[in-house]
Amino acid sequence: MAGKILIIGACGQIGTELTLKLRDLYGNDQVVASDIREGSEELMSSGPFEAADATDATRIEALIDQYNISEVYLMAAMLSATAEKAPMKAWNLNMDSLFHILNFAKDKKIEKVFWPSSIAVFGPTTPKNDTPQTTIMEPSTVYGISKQTGERWCEYFHDKYGVDVRSLRYPGIISYKTLPGGGTTDYAIEIFHEALKNKAYTSFLAEDTGLPMMYMDDAIKATVDIMEAPSEKIKVRSSYNLSALSFTPKVLAEAIQKEIPEFKISYEPDFRQKIADSWPSSIDDSQARVDWQWKHDFDMQSLVKEMLAGVSEQLKTTK
Ligand code: AKB
(Lines give C-alpha, C1' and ligand atoms only; values in the text may rest on other atoms or scores of the structure.)
Protein backbone atom coordinates (compact mmCIF):
# COMPACT_ATOMS: atom_id res chain seq x y z
CA MET A 1 0.00 0.00 0.00
CA ALA A 2 1.39 3.39 -1.03
CA GLY A 3 -0.08 5.36 1.87
CA LYS A 4 -2.21 4.92 4.97
CA ILE A 5 -5.85 3.94 5.43
CA LEU A 6 -8.56 6.35 6.61
CA ILE A 7 -11.77 4.96 8.06
CA ILE A 8 -14.62 7.47 8.16
CA GLY A 9 -17.34 6.42 10.60
CA ALA A 10 -14.83 4.26 12.47
CA CYS A 11 -16.77 4.24 15.75
CA GLY A 12 -19.96 2.65 14.44
CA GLN A 13 -20.95 -1.01 14.56
CA ILE A 14 -18.97 -2.16 11.50
CA GLY A 15 -16.38 0.65 11.55
CA THR A 16 -15.10 -0.36 15.00
CA GLU A 17 -14.37 -3.97 14.13
CA LEU A 18 -13.09 -3.09 10.67
CA THR A 19 -10.62 -0.59 12.13
CA LEU A 20 -9.33 -3.14 14.66
CA LYS A 21 -8.96 -5.80 11.95
CA LEU A 22 -7.13 -3.48 9.55
CA ARG A 23 -4.81 -2.35 12.38
CA ASP A 24 -4.06 -6.03 13.05
CA LEU A 25 -3.31 -6.65 9.40
CA TYR A 26 -1.39 -3.52 8.40
CA GLY A 27 -0.12 -2.03 11.69
CA ASN A 28 -1.76 0.33 14.18
CA ASP A 29 -0.17 3.52 12.84
CA GLN A 30 -1.20 2.70 9.28
CA VAL A 31 -4.92 2.95 10.01
CA VAL A 32 -6.42 6.33 10.97
CA ALA A 33 -9.86 6.16 12.60
CA SER A 34 -12.21 9.12 12.29
CA ASP A 35 -15.75 9.82 13.42
CA ILE A 36 -17.82 12.69 14.81
CA ARG A 37 -17.76 10.98 18.23
CA GLU A 38 -15.17 8.99 20.12
CA GLY A 39 -15.36 5.20 20.06
CA SER A 40 -14.61 2.23 22.28
CA GLU A 41 -11.59 2.25 24.57
CA GLU A 42 -9.94 -0.45 22.40
CA LEU A 43 -10.40 1.59 19.23
CA MET A 44 -9.26 4.87 20.77
CA SER A 45 -6.14 3.40 22.39
CA SER A 46 -4.95 1.18 19.53
CA GLY A 47 -4.06 3.84 16.96
CA PRO A 48 -4.62 7.37 15.64
CA PHE A 49 -8.10 8.93 15.96
CA GLU A 50 -9.30 12.20 14.43
CA ALA A 51 -12.65 13.86 15.09
CA ALA A 52 -14.25 14.60 11.70
CA ASP A 53 -17.67 15.11 10.17
CA ALA A 54 -18.03 12.89 7.08
CA THR A 55 -19.81 15.70 5.22
CA ASP A 56 -17.00 18.23 5.84
CA ALA A 57 -14.90 17.93 2.66
CA THR A 58 -12.25 20.41 3.85
CA ARG A 59 -11.63 18.49 7.06
CA ILE A 60 -11.52 15.12 5.26
CA GLU A 61 -9.10 16.51 2.66
CA ALA A 62 -6.86 17.86 5.43
CA LEU A 63 -6.72 14.40 7.01
CA ILE A 64 -5.89 12.78 3.65
CA ASP A 65 -2.98 15.23 3.25
CA GLN A 66 -1.80 15.09 6.87
CA TYR A 67 -1.59 11.28 7.00
CA ASN A 68 -0.73 10.55 3.36
CA ILE A 69 -3.91 8.50 2.93
CA SER A 70 -4.22 6.23 -0.11
CA GLU A 71 -7.30 4.17 0.84
CA VAL A 72 -10.60 5.31 2.34
CA TYR A 73 -13.32 3.16 3.90
CA LEU A 74 -16.43 5.33 4.10
CA MET A 75 -18.53 3.67 6.80
CA ALA A 76 -20.54 6.70 7.98
CA ALA A 77 -24.25 6.47 7.14
CA MET A 78 -27.70 6.93 8.59
CA LEU A 79 -29.40 3.50 8.64
CA SER A 80 -32.89 2.53 7.48
CA ALA A 81 -35.10 3.11 10.55
CA THR A 82 -33.45 6.37 11.68
CA ALA A 83 -33.38 7.70 8.12
CA GLU A 84 -37.16 7.38 7.85
CA LYS A 85 -37.43 9.88 10.71
CA ALA A 86 -35.03 12.42 9.17
CA PRO A 87 -35.14 11.88 5.39
CA MET A 88 -33.25 14.98 4.23
CA LYS A 89 -30.60 14.68 6.91
CA ALA A 90 -30.08 11.04 5.92
CA TRP A 91 -29.90 11.90 2.23
CA ASN A 92 -27.35 14.66 2.85
CA LEU A 93 -25.13 12.55 5.08
CA ASN A 94 -25.27 9.43 2.90
CA MET A 95 -24.75 11.25 -0.41
CA ASP A 96 -22.46 14.21 0.40
CA SER A 97 -19.93 12.02 2.19
CA LEU A 98 -19.79 9.68 -0.83
CA PHE A 99 -19.40 12.47 -3.39
CA HIS A 100 -16.47 13.96 -1.44
CA ILE A 101 -14.60 10.66 -1.45
CA LEU A 102 -15.38 9.79 -5.06
CA ASN A 103 -14.15 13.24 -6.12
CA PHE A 104 -10.92 12.87 -4.10
CA ALA A 105 -10.36 9.55 -5.89
CA LYS A 106 -11.16 11.11 -9.28
CA ASP A 107 -8.58 13.84 -8.54
CA LYS A 108 -6.03 11.10 -7.63
CA LYS A 109 -5.72 12.27 -4.02
CA ILE A 110 -6.53 8.68 -2.99
CA GLU A 111 -6.17 5.37 -4.84
CA LYS A 112 -8.89 3.07 -3.55
CA VAL A 113 -12.32 3.42 -1.94
CA PHE A 114 -14.57 1.04 -0.01
CA TRP A 115 -18.19 2.11 0.31
CA PRO A 116 -20.86 -0.16 1.81
CA SER A 117 -24.21 -0.61 0.12
CA SER A 118 -27.05 -2.69 1.58
CA ILE A 119 -29.88 -5.10 0.86
CA ALA A 120 -31.99 -1.92 1.27
CA VAL A 121 -31.30 -1.15 -2.41
CA PHE A 122 -34.01 -3.71 -3.18
CA GLY A 123 -37.71 -2.96 -2.87
CA PRO A 124 -41.17 -4.48 -2.87
CA THR A 125 -41.03 -5.29 -6.61
CA THR A 126 -37.72 -7.18 -6.34
CA PRO A 127 -37.87 -11.02 -6.40
CA LYS A 128 -37.87 -11.91 -2.68
CA ASN A 129 -36.02 -15.22 -2.63
CA ASP A 130 -32.49 -15.74 -3.89
CA THR A 131 -32.52 -12.17 -5.12
CA PRO A 132 -30.17 -12.00 -8.12
CA GLN A 133 -27.20 -9.62 -8.47
CA THR A 134 -28.98 -7.79 -11.29
CA THR A 135 -32.72 -7.39 -10.88
CA ILE A 136 -35.58 -4.91 -10.35
CA MET A 137 -34.57 -2.29 -7.77
CA GLU A 138 -37.26 0.11 -6.59
CA PRO A 139 -36.29 0.85 -2.98
CA SER A 140 -39.01 2.42 -0.85
CA THR A 141 -36.91 3.77 2.04
CA VAL A 142 -34.73 6.91 2.10
CA TYR A 143 -31.78 4.78 3.13
CA GLY A 144 -32.41 2.38 0.23
CA ILE A 145 -32.79 5.23 -2.25
CA SER A 146 -29.49 6.74 -1.06
CA LYS A 147 -27.68 3.40 -1.33
CA GLN A 148 -29.12 2.70 -4.78
CA THR A 149 -28.11 6.16 -5.97
CA GLY A 150 -24.68 5.69 -4.41
CA GLU A 151 -24.23 2.44 -6.32
CA ARG A 152 -24.99 4.18 -9.60
CA TRP A 153 -22.48 6.92 -8.83
CA CYS A 154 -19.78 4.42 -7.80
CA GLU A 155 -20.16 2.62 -11.11
CA TYR A 156 -20.18 5.93 -12.99
CA PHE A 157 -16.99 7.18 -11.31
CA HIS A 158 -15.32 3.85 -12.09
CA ASP A 159 -16.41 3.70 -15.72
CA LYS A 160 -15.91 7.37 -16.51
CA TYR A 161 -12.88 8.32 -14.39
CA GLY A 162 -11.26 4.97 -13.56
CA VAL A 163 -11.92 5.32 -9.82
CA ASP A 164 -11.07 2.06 -7.99
CA VAL A 165 -14.20 1.86 -5.85
CA ARG A 166 -15.41 -1.43 -4.35
CA SER A 167 -18.67 -2.13 -2.59
CA LEU A 168 -20.77 -4.81 -0.89
CA ARG A 169 -24.50 -4.98 -0.29
CA TYR A 170 -24.35 -5.85 3.41
CA PRO A 171 -27.21 -7.88 4.87
CA GLY A 172 -28.09 -7.39 8.57
CA ILE A 173 -24.76 -7.62 10.42
CA ILE A 174 -24.83 -9.29 13.81
CA SER A 175 -22.22 -8.43 16.43
CA TYR A 176 -21.76 -7.51 20.09
CA LYS A 177 -18.72 -5.20 20.37
CA THR A 178 -20.52 -2.01 19.28
CA LEU A 179 -24.29 -1.63 19.04
CA PRO A 180 -25.82 -0.76 15.67
CA GLY A 181 -27.61 2.55 15.34
CA GLY A 182 -31.11 2.56 13.94
CA GLY A 183 -31.35 -0.36 11.51
CA THR A 184 -34.31 -2.60 10.72
CA THR A 185 -32.21 -5.72 11.30
CA ASP A 186 -31.22 -4.58 14.83
CA TYR A 187 -33.76 -6.93 16.44
CA ALA A 188 -31.33 -9.78 15.73
CA ILE A 189 -28.81 -8.13 18.10
CA GLU A 190 -31.20 -6.82 20.77
CA ILE A 191 -32.60 -10.33 21.15
CA PHE A 192 -29.26 -11.64 22.52
CA HIS A 193 -28.93 -8.84 25.09
CA GLU A 194 -32.51 -9.37 26.31
CA ALA A 195 -32.21 -13.18 26.28
CA LEU A 196 -29.25 -12.96 28.65
CA LYS A 197 -30.57 -10.13 30.83
CA ASN A 198 -34.30 -10.91 31.07
CA LYS A 199 -34.81 -14.31 29.38
CA ALA A 200 -37.47 -12.59 27.24
CA TYR A 201 -37.65 -10.36 24.17
CA THR A 202 -40.42 -8.53 22.32
CA SER A 203 -39.52 -8.40 18.63
CA PHE A 204 -40.42 -5.33 16.58
CA LEU A 205 -40.65 -7.59 13.50
CA ALA A 206 -43.26 -10.33 13.05
CA GLU A 207 -42.26 -13.96 13.68
CA ASP A 208 -42.15 -14.99 10.02
CA THR A 209 -40.13 -12.03 8.65
CA GLY A 210 -37.19 -13.64 6.85
CA LEU A 211 -34.17 -11.40 6.25
CA PRO A 212 -30.60 -11.97 5.03
CA MET A 213 -28.12 -11.83 7.94
CA MET A 214 -24.41 -12.34 8.60
CA TYR A 215 -22.05 -12.58 11.59
CA MET A 216 -19.66 -9.63 11.89
CA ASP A 217 -16.50 -11.71 11.35
CA ASP A 218 -17.80 -12.79 7.95
CA ALA A 219 -18.68 -9.19 7.02
CA ILE A 220 -15.18 -8.04 7.95
CA LYS A 221 -13.62 -10.92 6.02
CA ALA A 222 -15.66 -10.02 2.93
CA THR A 223 -14.64 -6.37 3.22
CA VAL A 224 -10.93 -7.16 3.55
CA ASP A 225 -11.12 -9.76 0.76
CA ILE A 226 -12.80 -7.49 -1.78
CA MET A 227 -10.30 -4.71 -1.02
CA GLU A 228 -7.30 -7.04 -1.33
CA ALA A 229 -8.52 -8.71 -4.56
CA PRO A 230 -6.67 -7.72 -7.76
CA SER A 231 -8.60 -4.94 -9.52
CA GLU A 232 -9.34 -7.05 -12.62
CA LYS A 233 -11.29 -9.56 -10.47
CA ILE A 234 -13.77 -6.88 -9.40
CA LYS A 235 -16.24 -7.09 -12.25
CA VAL A 236 -19.11 -5.32 -10.46
CA ARG A 237 -18.40 -1.66 -9.68
CA SER A 238 -21.85 -0.78 -8.37
CA SER A 239 -22.01 -3.24 -5.45
CA TYR A 240 -21.86 -7.01 -4.91
CA ASN A 241 -24.67 -9.11 -3.43
CA LEU A 242 -23.31 -10.72 -0.27
CA SER A 243 -24.95 -13.49 1.70
CA ALA A 244 -24.42 -15.93 4.53
CA LEU A 245 -27.64 -16.75 6.41
CA SER A 246 -31.30 -16.03 6.20
CA PHE A 247 -33.70 -16.42 9.12
CA THR A 248 -36.88 -15.16 10.79
CA PRO A 249 -37.24 -13.90 14.39
CA LYS A 250 -38.98 -17.21 15.24
CA VAL A 251 -36.12 -19.33 13.89
CA LEU A 252 -33.52 -17.18 15.69
CA ALA A 253 -35.49 -17.48 18.93
CA GLU A 254 -35.55 -21.27 18.55
CA ALA A 255 -31.78 -21.33 18.05
CA ILE A 256 -31.35 -19.23 21.23
CA GLN A 257 -33.73 -21.56 23.11
CA LYS A 258 -31.35 -24.44 22.35
CA GLU A 259 -28.81 -22.63 24.56
CA ILE A 260 -31.25 -20.90 26.97
CA PRO A 261 -34.36 -23.15 27.21
CA GLU A 262 -36.36 -20.69 29.39
CA PHE A 263 -36.04 -17.87 26.79
CA LYS A 264 -39.42 -16.51 25.61
CA ILE A 265 -40.19 -14.34 22.58
CA SER A 266 -43.27 -12.23 21.79
CA TYR A 267 -44.02 -10.01 18.78
CA GLU A 268 -45.15 -6.39 18.50
CA PRO A 269 -44.37 -5.26 14.94
CA ASP A 270 -43.91 -1.48 14.54
CA PHE A 271 -43.08 0.84 11.58
CA ARG A 272 -39.96 -1.20 10.84
CA GLN A 273 -42.13 -4.14 9.71
CA LYS A 274 -42.99 -2.31 6.50
CA ILE A 275 -39.31 -1.69 5.78
CA ALA A 276 -38.46 -5.35 6.40
CA ASP A 277 -41.36 -6.48 4.20
CA SER A 278 -39.92 -4.48 1.31
CA TRP A 279 -36.53 -6.26 1.49
CA PRO A 280 -35.49 -9.69 0.16
CA SER A 281 -35.63 -12.77 2.36
CA SER A 282 -32.53 -14.31 0.84
CA ILE A 283 -29.79 -13.22 -1.55
CA ASP A 284 -27.97 -14.94 -4.41
CA ASP A 285 -24.33 -13.91 -4.04
CA SER A 286 -22.84 -16.35 -6.57
CA GLN A 287 -21.10 -13.56 -8.49
CA ALA A 288 -19.03 -12.55 -5.42
CA ARG A 289 -18.24 -16.24 -4.83
CA VAL A 290 -17.00 -16.63 -8.42
CA ASP A 291 -15.28 -13.26 -8.98
CA TRP A 292 -13.19 -12.96 -5.80
CA GLN A 293 -13.87 -16.31 -4.08
CA TRP A 294 -16.12 -15.03 -1.28
CA LYS A 295 -17.08 -17.71 1.24
CA HIS A 296 -18.76 -17.32 4.64
CA ASP A 297 -17.72 -19.25 7.77
CA PHE A 298 -20.51 -18.75 10.33
CA ASP A 299 -23.73 -20.74 10.29
CA MET A 300 -26.75 -20.11 12.51
CA GLN A 301 -25.72 -22.12 15.57
CA SER A 302 -22.09 -20.90 15.56
CA LEU A 303 -23.37 -17.30 15.31
CA VAL A 304 -25.72 -17.88 18.27
CA LYS A 305 -22.93 -19.42 20.38
CA GLU A 306 -20.50 -16.57 19.59
CA MET A 307 -23.12 -13.91 20.32
CA LEU A 308 -24.20 -15.44 23.64
CA ALA A 309 -20.57 -15.81 24.76
CA GLY A 310 -19.64 -12.27 23.65
CA VAL A 311 -22.67 -10.52 25.14
CA SER A 312 -22.44 -12.39 28.47
CA GLU A 313 -18.75 -11.47 28.75
CA GLN A 314 -19.74 -7.83 28.18
CA LEU A 315 -22.54 -7.98 30.75
CA LYS A 316 -20.04 -9.26 33.36
CA THR A 317 -17.69 -6.33 32.81
CA THR A 318 -20.47 -3.69 32.79
CA LYS A 319 -21.98 -4.92 36.09
C1 AKB B 1 -30.44 -1.66 8.37
O2 AKB B 1 -31.21 -2.47 8.92
O3 AKB B 1 -30.76 -0.50 8.06
C4 AKB B 1 -29.04 -2.12 8.03
C5 AKB B 1 -28.94 -2.65 6.64
C6 AKB B 1 -29.57 -3.93 6.27
O7 AKB B 1 -28.34 -2.02 5.81
N8 AKB B 1 -28.62 -3.12 8.97
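This is a predicted model: local features need pLDDT of at least 70, side-chain atom pairs count only at pLDDT 80 or more; totals for chains, interfaces and linings use all residues.
## The annotated stretch

According to the UniProt record, which is an unreviewed entry, residues 5–235 carry the annotation "domain: NAD-dependent epimerase/dehydratase". Over residues 5–235, the chain comes out at 44% helix and 18% strand.

Helix α6 runs over residues 142–161. With 20 residues at 1.5 Å each, α6 should span 28 Å, and the 27 Å between its end C-alpha atoms agrees with that. Just past α6, glycine 162 adopts a positive phi of about 70°.

Quite a few α6 residues are buried, among them Val142, Tyr143, Cys154 and Phe157. The buried residues of the helix pack against α4 (80–85) and α5 (87–106), and also against the strands β6 (117–118), β7 (164–166) and β8 (168–170).

Together with Met88 and Trp91, Ile145 makes a nonpolar surface patch of about 280 Å².

## Isoleucine 283, tucked into a loop

Now for the other isoleucine. Isoleucine 283 lies in the loop between α10 (272–277) and α11 (286–291). Its relative accessible area is 6%, so isoleucine 283 is buried, the cut-off being under 20%.

Leaving aside residues up to four places away in sequence, isoleucine 283 touches Ile119, Phe122, Asp130, Thr131, Pro212, Asn241, Leu242 and Ser243. Leucine 211 is 72 residues away along the chain, yet the C-alpha atoms of leucine 211 and isoleucine 283 are separated by 9.1 Å.

Methods. Residues are numbered from 1 along each chain as its sequence is written. Side-chain values use heavy atoms; hydrogens and water are left out. UniProt positions are given in the numbering used here, feature names are shortened, and annotations may be inferred rather than shown by experiment. Helices (H or I, at least four residues) and strands (E, at least two) are DSSP runs, numbered from the N terminus. Patches are made of residues with over 30% relative accessible area and no salt bridge: like charges are joined within 9 Å, nonpolar side chains (Val, Leu, Ile, Met, Phe, Trp, Tyr) within 5 Å. Accessible areas come from the Shrake-Rupley method with a 1.4 Å probe; for residues, only the protein chains shown count as cover. A salt bridge is a side-chain nitrogen of Lys or Arg within 4 Å of a carboxyl oxygen of Asp or Glu. The expected span of a helix is 1.5 Å times one less than its number of residues. Buried means under 20% relative accessible area, exposed over 50%, partly exposed in between (1.4 Å probe, protein chains only). Contact means heavy atoms within 4.5 Å.
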